[in-house]
Amino acid sequence: MPGGLISKSYQAVRALATRQVRIECDRIPYEFDHVPVKKILNWIAVEASVYVKPEHPWGWPTHIMIEPTTRCNLRCALCPVTMGMGRATGDMDLGLFKKVIDESGEYLFLILLWDWGEPFLNPSIYEMISYAKQKGIKLVSSTNGHLFSHPEHADRLIRSGLDSLIVAVDGISQQTYEHYRGGGNLDSVLNGIRMIVERKCTLRSKTPLINLRFIVMRHNEHEIPDLKRVAKSLGVDVLTLKTLNPYSQDPYAGNHSEMKEDYLAFVPQNPQYQRFKYYSNSLHRIRLKRSPCKNLWNNPTIHWNGIVCSCTYDPQEKQVLGNLQNHSFGEIWRGTSYRLMRRQFRSKGSQPFLCRECSYVYEGGNCYNQTIADAFFFNVEDGACE
């Protein structure tokens with residue numbers, strides 16, 4: 001039996017015996033206690049199905065990505081929001097969010113509460129988090145951090161019960177920061193982080209875990225030596241260094257062009273922080289024999305208007321699998337479009353283009369365990385609230 005299967009089998013037996021499950025996301029471990037047996041059995045079935053990749057799913061998703069809004073207060077380079085996604089902009093309705101949770105929540109472990117846009121611009125975001133928390137789900141969200149310099153936003157965030165917050169800070173000087181985060185103000189973001197840390201102490205809350213996220217690029221890699229010092233001074237829990245996907249979104253939109261020079265200019269010079277592995281003396285990525293992606297079996301993406309896609313790499317909705325405004329989640333998850341895409345995924349000759357050119361099919365591009373180059377954890381409990 002391959003080593004991966006042995007490890008998974010051990011985890012399954014241990015989970016059933018202890019009713020505890022441990023799941024990692026972006027190097028951050030999430031511990032689940034007193035998990036219902038029904039939920040554990042579904043998790044085991046889904047994880048087993050990833051090896052077989054059946055057309056008909058063996059269980060319900062254990063993870064789900066939900067897009068609260070497509071609106072954003074920044075214009076980041078390389079982002080589909082900046083370049084134009086060609087679809088409607090809006091906020092997810094609280095009622096639609098509750099529908100998703102009511103129909104699939106009893107099986108979910110983790111909700112990734114972002115996709116394209118700044119999640120905390122949705123006026124119902126804190127109610128969404130609180131509602132999902134009632135179902136025993138852990139939630140991770142990502143933000144550019146500008147809203148949280150206001151105490152009321154920091155308090156509502158903490159009281160909502162959010163488990164983990166990624167704060168994107170891709171520079172520790174204004175000049176470096178705004179090179180990628182167009183329209184952003186570094187001081188506002190850092191003040192927002194300090195406010196959350198301060199209010200966590202005041203409210204005696206251990207959550208959210210604050211993950212300072214630094215996407216390593218050519219213009220900011222010189223700041224890496226000072227990052228740990230800055231992170232400690234802010235009082236965050238974790239610092240993660242993430243690799244950049246330098247390829248344009250064009251492959252996902254149907255344009256076969258490999259790379260544009262403006263994207264190449266963002267690639268860091270240090271190979272340690274380059275996402276992909278390349279053939280020597282070339283810009284051609286090393287392709288894997290088989291994609292390790294398992295999103296079609298455990299992690300759908302739901303856009304603000306109820307459109308269901310296979311993953312985050314379909315920002316322009318080129319392969320819509322269903323609409324929650326018209327059907328239940330179960331009907332879509334087991335429906336014809338999803339089954340066809342799963343069948344195509346298994347076939348090299350007829351794989352969907354979204355899957356053929358996805359970052360997962362290249363060495364280094366696996367978002368499950370490869371795109372976080374470094375993670376540094378800080379013991380902020382001692383002295384952080386003095």
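A salt bridge is a side-chain nitrogen of Lys or Arg within 4 Å of a carboxyl oxygen of Asp or Glu. In this predicted model, the side chains of Asp155 and Arg199 meet in such a salt bridge, at 2.6 Å from N to O. Local features need pLDDT of at least 70 and side-chain atom pairs count only at pLDDT 80 or more, while totals for chains, interfaces and linings use all residues. Residues are numbered from 1 along each chain as its sequence is written, and side-chain values use heavy atoms, with hydrogens and water left out.

**Salt bridges**

- The count of salt bridges comes to 21.
- Asp155 belongs to helix 6 (residues 151–160) and Arg199 to helix 8, so their pair links parts of the chain 44 residues apart; helices (H or I, at least four residues) and strands (E, at least two) are DSSP runs, numbered from the N terminus.
- Both Asp155 and Arg199 are buried, where buried means under 20% relative accessible area, exposed over 50%, and partly exposed in between (1.4 Å probe, protein chains only).
- Glu47 forms a salt bridge with Lys294, their closest N and O atoms being 3.5 Å apart.
- Because Glu47 lies in helix 2 (residues 37–52) and Lys294 in the loop between helix 11 (261–264) and helix 12 (295–298), this pair ties together parts that are 247 residues apart in sequence.
- Glu47 is buried at a relative accessible area of 10%, and Lys294 is buried at 17%.
- Lys8, Glu47 and Lys294 are linked in a network of salt bridges.

**Helix 9**

- Helix 9 (residues 224–234) has the buried residues Ile224, Leu227, Val230, Ala231 and Leu234.
- Seen down the axis of helix 9, these buried residues fall within an arc of 100° (taken from the directions from the helix axis to the C-beta atoms), so they line one face of the helix.
- On the other side of helix 9, Pro225, Arg229, Lys232 and Ser233 are exposed.
- The buried residues of helix 9 pack against helix 8 (186–202), strand 9 (209–216) and strand 10 (238–243), where contact means heavy atoms within 4.5 Å.
- Gly235, which follows helix 9, has a positive phi near 85°.

**Nonpolar cores**

- A nonpolar core is a set of buried Ala, Val, Leu, Ile, Met, Phe, Trp, Tyr and Cys residues joined through side-chain atoms within 4.5 Å.
- Of the 83 residues in the largest nonpolar core, Ile111, Phe120 and Ile193 touch the most other members.
- Helix 8 contributes the largest share of this core, seven residues.
- A second, separate core of 18 residues includes Val21, Tyr30, Val140 and Ile166.
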